[in-house]
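Q: I would like to learn how to read salt bridges and a nonpolar core in a model. Can we take them one at a time?

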Amino acid sequence: FRRVLFRSAEASKPMCLVFGTVTSKSPLKILLATQQELEKQYFLALAPVPDFKVGDKLVLLREQGGQRFLILGKKGAL
């Protein structure tokens, strides 16, 4: 039974890993690997935003089917 539940959750992939680069600190803007630049209303951060600098590479989780992203932190710092 556990295997069926795990496969079901995996098949739906409610989140996916995305990488981005900080292009502006104020207001916060992040350029995603898909060349889409989004502003801060699309992001929720685990780390304080002041820790990010322009050019920082970030690791994010994107909500599947949506435009919301959870910033996990800087790439290489995790």
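Q: Which side chain meets aspartate 56 in a salt bridge?
A: A salt bridge is a side-chain nitrogen of Lys or Arg within 4 Å of a carboxyl oxygen of Asp or Glu. Here the partner of aspartate 56 is lysine 74, at 3.6 Å from N to O. A note on the source: this is a predicted model, where local features need pLDDT of at least 70 and side-chain atom pairs count only at pLDDT 80 or more, while totals for chains, interfaces and linings use all residues. Residues are numbered from 1 along each chain as its sequence is written, and side-chain values use heavy atoms, with hydrogens and water left out.

Q: Which parts does the pair of lysine 74 and aspartate 56 tie together?
A: Strands (E, at least two residues) are DSSP runs, numbered from the N terminus. Lysine 74 lies in strand β6 and aspartate 56 in the loop between β4 (43-45) and β5, so the pair ties together parts 18 residues apart in sequence.

Q: Is aspartate 56 buried or exposed?
A: Buried means under 20% relative accessible area, exposed over 50%, and partly exposed in between (1.4 Å probe, protein chains only). Aspartate 56 is buried, at 15%. Lysine 74 is partly exposed, at 26%.

Q: How many salt bridges are there by this rule?
A: The count comes to 3. Another one joins glutamate 39 to lysine 29, with the closest N and O atoms 3.8 Å apart. That pair links distant parts of the chain: glutamate 39 is in strand β3 (residues 37-39) and lysine 29 in strand β2, 10 residues apart. Glutamate 39 is partly exposed at 35%, and lysine 29 is partly exposed at 24%.

Q: What does arginine 68 form a salt bridge with?
A: Its partner is glutamate 63, and the closest N and O atoms are 2.6 Å apart. Arginine 68 is exposed, at 55%. Glutamate 63 is partly exposed, at 24%.

Q: Which residues make up the largest nonpolar core?
A: A nonpolar core is a set of buried Ala, Val, Leu, Ile, Met, Phe, Trp, Tyr and Cys residues joined through side-chain atoms within 4.5 Å. The largest one has 12 residues, among them Val18, Ile30, Phe52, Leu58 and Ile71. Two or more residues come from each of β1 (15-25), β2 (28-32), β5 (57-63) and β6 (69-74). β2 gives the most, with 3 residues.

Q: What is leucine 58 in contact with, leaving aside its neighbours within four places in sequence?
A: Contact means heavy atoms within 4.5 Å. The partners of leucine 58 include Val18, Val22, Ile30, Phe52 and Ile71. Lysine 74 is also one of them.

Definitions and conventions
Helix = DSSP H or I, 4+ residues; strand = E, 2+ residues; numbered from the N terminus.
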